[in-house]
Amino acid sequence: MAAARTEFKRGSRGRGPGSRFRAVGRALRLPVTGTARGIRRATHAHGAGESGLGKLIELHGVNGAGDVMITVALASTVFFSVPTDEARGRVALYLAITMAPFTLLAPVIGPLLDRLPHGRRAAMACAMAARALLALVLSAAVVTGGIELYPAALGVLVSSKAYGVVRSAVVPRLLPPRVSLVKANSRVTLCGLLATGVAAPIGAGLQQVGPRWPLYGAFLIFVAGTVLSFTLPRKVDSARGEDRALLAADEGHLPGPLRGRGKRPGLRTVGPAVTHALAANAAIRCLTGFLIFFLAFLLRVHPMTGQSAAVSLGIVGVAAGAGNALGTAVGAWLRSRAPEVIIVTVVAVVLGAAVVAAVFFSAFLVACLAAVAGFAQALAKLSLDALIQRDVPEQVRTSAFARSETLLQVSWVLGGAVGIVLPLNGTLGLSVASAIIAAGWLTTVRGLLDSARHGGRTRPRVA
């Protein structure tokens, strides 16, 4: 009898209001927890969880989400809030005050961080924390229009670049046993793209609430990134077996009088494929910087038929993002197969797309060019990573990744500056775009194909 009463009480408690509230709570949490578990399974697959690469992938997603929140807020303040002619002047001023000093500072960031190989987790955390604080500074500047907007924006760019340099150096340290560097980089990049795609509409929605709200969102995201940086494995801070990549020949390639003087391995002549691939990637990055700024103003004045300027820019942006994601996925599938041939091919494809868009100018072809440029940028960069892994000595490889990324960023800035100063003539602008990519292709195609025929020097894989 007592057992029956106990069972009755248990059943009553199970069917009471508390149990119903718990069931509702579980149902409401399920989409969030289920999504989180799905993301964790994807980022930690193929040994990435055990090696620590999964945590870096998640951290890069946080980085991308925070950066796009700040981008949305600044674009709305500098670009969308004023007429087109005034916007061109404001964007040019923004580039002059922020991008020009950044172009001078960017080459210095890599060497400075080379001197802190044992503090990479702290460096990434500082880059996140700095952007969190600067987001709060910008939240006041976007309302008042104060001059602090520009130095704060410069600080965001420098902090973002510092994170990117350190991240490039960290990836080789976290490779799972059966995952190549190219595949690892593609997974990191793809997670950043997906996070950007998710955060961009959220940032646009917050912008409708008020100009400060995307920056408040960025603050919270970067605070989370600061904490996540310290969850990376301790081996990230290990510099065992590393050296700095010098932009000079290694000892085996030095002229006779200089040979044997103890020069450290360098980047420039370790393998000609690396320098040629870097030049081709710089041309593509210059093209994408040009297209971003030129099309932003062109589509504002001449939007797609039946669409507003904002929708037209959104369509082109989605096309570019989709192309980038597809290029990243294809790069992971191809791995490191014939990277020289891949670079030559994708640059030729984007050159053809630019020429067609210039000759038969239309909004549809502009969107197609943006997609092709995004695809080419992602696939060419992964092929460059494969060449660095193959041809650059292990002890300077992480530094080589950091320095190559600095050069690509500077190329993007230069392309953007060209896009700002050109007249808003579609045929003229896309002709200039064709010339940019043709110059990069013609100066590198022979060297890359020669390298592909002779083969690169195979080097041991980074542990």
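Two salt bridges are counted in this predicted model, a salt bridge being a side-chain nitrogen of Lys or Arg within 4 Å of a carboxyl oxygen of Asp or Glu. The model is predicted, so local features need pLDDT of at least 70 and side-chain atom pairs count only at pLDDT 80 or more, while totals for chains, interfaces and linings use all residues. Residues are numbered from 1 along each chain as its sequence is written, and side-chain values use heavy atoms, with hydrogens and water left out.

Select Arg 131 and Asp 67, whose side chains form a salt bridge at 2.9 Å, N to O. Arg 131 belongs to helix α6 (residues 120-144) and Asp 67 to helix α4 (residues 53-80), so the pair ties together parts 64 residues apart in sequence. Helices here are DSSP runs of H or I with at least four residues, numbered from the N terminus. Arg 131 is buried at 0% relative accessibility, and Asp 67 is buried at 17%; buried means under 20% relative accessible area, exposed over 50%, with a 1.4 Å probe and protein chains only.

Next, select Asp 385 and Lys 381, which meet in a salt bridge at 2.8 Å, N to O. Both residues lie in helix α13, 4 residues apart, about one turn of the helix. Asp 385 is buried at 2%, as is Lys 381 at 16%.

Finally, select Val 355, Val 356, Val 359 and Phe 360, which make a nonpolar surface patch of about 360 Å². Patches consist of residues with over 30% relative accessible area and no salt bridge, with like charges joined within 9 Å and nonpolar side chains (Val, Leu, Ile, Met, Phe, Trp, Tyr) within 5 Å; accessible areas come from the Shrake-Rupley method with a 1.4 Å probe, and for residues only the protein chains shown count as cover. Phe 360 sits in the loop between α12 (339-359) and α13 (363-391) and is exposed, with a relative accessible area of 55%.

Conventions:
Helices (H or I, at least four residues) and strands (E, at least two) are DSSP runs, numbered from the N terminus.
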